[in-house]
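Take a walk through this structure, one region at a time. Keep the sequence and the 3D view side by side.

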Amino acid sequence: MEDHKLASAVADGGRLRALVLELWQRTRMDWGFVSDRLSTTFRKEKWIGSHDRRFVSETLYGLVRHLRRIDAALARGKPGKAPRDLERLLALFVLEKLIETSHAKRLEPSVNWQAVAGIDDVIANERKPATRIALAASLPDWLGERLLAEWGARAEKLALALNQRAPMTIRANVIVGDRSALAEALDQEGLTTRPGQWIDTALIVESRTNLFASAAFKRGAFEAQDEGSQLLAELAIANLETKKPVVIDLCAGAGGKTLAIAARLANRGRIIATDVDRRKLDELVTRARRAKVSNTQALPLESGAWPAALDSLRGKADVVLVDAPCSGIGSLRRNPEARWRLREADLAMFADRQRQILTNAVGLLAPGGRLVYATCTLLKVENEVADTIPGVVPVPLAEVLGDRAAPFELRGDGSFTVTPSEHGTDGFYARILRRV
């Protein structure tokens, strides 16, 4: 009810409406990360309260997620006229049932708001499946067509799930304490949680609050990490014969999977985290210190070149994890703006880059070493790259996860896939390979 009141107030005008429209216009300039736009704005605009910040955030994400649906609705309500941004904002509120059509009519009388409100029925009656999927989930046509071609009867449910708001999922840092202990500690701080379904470190936080101000976070008891991402980290080291492995996280970013692997290993062995972005590795170092992780070394790749410390590990690594740069289709719940800056032609570029990274990764492995190729995309052109690399053979998922593998074998070829529609996670793919 509070959101309905706030939506009505924002629709009528004032500073918050002006701020939302300014953020929306700036976001559309380059389709940069919404999260970056919001954090920059909230640091500068100190007058915005916590509830207002949440509402502004959800409204901006809503405009990005539902842009095509909104514009299709306004095309019915105002035929032949280009939609204006205020009309888009009001249409979002109408479609999400935050304001009545009569309210929108008072503000913009030139639009038939009843016609706007009926767009979902029109979309549901669209006879072309790819078009229906693209309109309902606000996707570019090419992406709707690819999802339909590759996912068949699962495509529409998958597309709609990719367009939903992602839950806040955290990983219990088992160096500090297990999931039960974390849930109890958060409960004492007034935070409601429930356990994840697929891995024993995942906890879903249902309270809408600043989780990172909690005492549990400050003492390193958890990190924010999607449950699918936690599973990828487990694939890297599950059922390894050596207890103190040499692990290389070749595209580590800010180190979410690096820290998850370190916790699973209880600081045994050695983990080398590399990335071309030094700032992300600096963040990893800070996170590792808070998480009580002591077996990790961060190595920046200057201009893509391998430093001597990494080059010296050729042929010695027990595990190499390649969380490859990709289109990010599987993470549209968290980065919905990616759909509008991505072009279909970009997919081949990603595949070429992935193939090069994977080929280099093989050289780091010791004979019999494990290579985990992972992406946050659900498109074959990127994921089938792993099937083209010489010097390695595929390892069936069941060999690593045992009886737990079955729910993740969606392709039936021994690879790993999770999706928001099937598993409630972000969309991830992984293929486990062994050096011959």
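A residue counts as buried when its relative accessible area is under 20%, as exposed when that area is over 50%, and as partly exposed in between. The model shown here is predicted. With that cut-off in hand, turn to a pair of charged residues. Both Arg287 and Glu223 are buried. Their side chains meet in a salt bridge, with N to O at 3.1 Å. Arg287 lies in helix α17, residues 278–290, while Glu223 belongs to strand β4, so this pair ties together parts that are 64 residues apart in sequence.

Side chains of opposite charge can pair when their charged atoms come close. How many salt bridges are there? The count comes to 39.

Move to another of these pairs. The side chains of Arg333 and Asp426 form a salt bridge, with 2.8 Å from N to O. Arg333 sits in the loop between β8 (317–323) and α19 (338–341), and Asp426 in the loop between α23 (420–423) and β12 (428–435), so the pair ties together parts that are 93 residues apart in sequence. Arg333 is buried, and Asp426 is buried too.

Some salt bridges share partners. Through them, Asp3, Arg54, Glu58, Arg165 and Arg208 are joined into one network. Look at one link within this group. Arg208 forms a salt bridge with Glu58, and their closest N and O atoms are 2.1 Å apart. Arg208 lies in the loop between β3 and α14 (215–218), whereas Glu58 is in helix α4, so the link ties together parts that are 150 residues apart in sequence.

Ser57 has a relative accessibility of 16%, so it counts as buried. Which residues does Ser57 touch, leaving aside its neighbours within four places in sequence? Ser57 is in contact with Leu38 and Phe42.

Now find the strands. Strand β1 covers residues 168–172, and four of its five residues are buried. Strand β1 pairs with strand β3 (residues 202–205) in the antiparallel sense, over four bridges. Within that pairing, Met168 has Val205 as its bridge partner in β3. Strand β1 also joins strand β4 (residues 222–224) through three bridges, and these two strands run antiparallel. Here Ala172 stands opposite Phe222 in β4.

Next comes helix α10, residues 129–136. Its buried residues are Ala130, Arg132, Ile133, Ala134 and Leu135. What covers them? The cover includes α5 (67–77), α9 (119–124), α11 (141–151) and α12 (155–162). After α10 comes Ser138, whose phi is positive, near 50°.

β1, α15 (227–237) and α16 (256–264) each supply at least two of the lining residues. Which element gives the largest share? That is α16, with three residues. By type, the lining of the largest cavity divides into six nonpolar, two polar and two charged residues.

Last, look at an open space. The second largest pocket holds about 310 Å³. It is lined by 17 residues, and those closest to its centre are Leu240, Glu241, Gly368, Arg370 and Arg434. The elements that give two or more residues to this lining are β8, β9 (365–375), α22 (397–401) and β12. β9 gives the most, with five residues. The lining of the second largest pocket divides into eight nonpolar, four polar and five charged residues.

Technical notes: Residues are numbered from 1 along each chain as its sequence is written. This is a predicted model: local features need pLDDT of at least 70, side-chain atom pairs count only at pLDDT 80 or more; totals for chains, interfaces and linings use all residues. Side-chain values use heavy atoms; hydrogens and water are left out. Buried means under 20% relative accessible area, exposed over 50%, partly exposed in between (1.4 Å probe, protein chains only). Contact means heavy atoms within 4.5 Å. Two strands pair if DSSP finds at least two bridges between them. A salt bridge is a side-chain nitrogen of Lys or Arg within 4 Å of a carboxyl oxygen of Asp or Glu. On a 1 Å grid over the protein atoms alone, a cavity is a set of points where a 1.4 Å probe fits but cannot get out, and a pocket is an open set with protein on both sides within 12 Å along at least five of seven lines; lining residues have an atom within 4 Å of a point. Grid points are joined across faces, edges and corners, and a volume is the space filled by probe spheres set on the points. Ala, Val, Leu, Ile, Met, Phe, Trp, Tyr, Cys and Pro count as nonpolar, Asp, Glu, Lys and Arg as charged, and the others, Gly among them, as polar.
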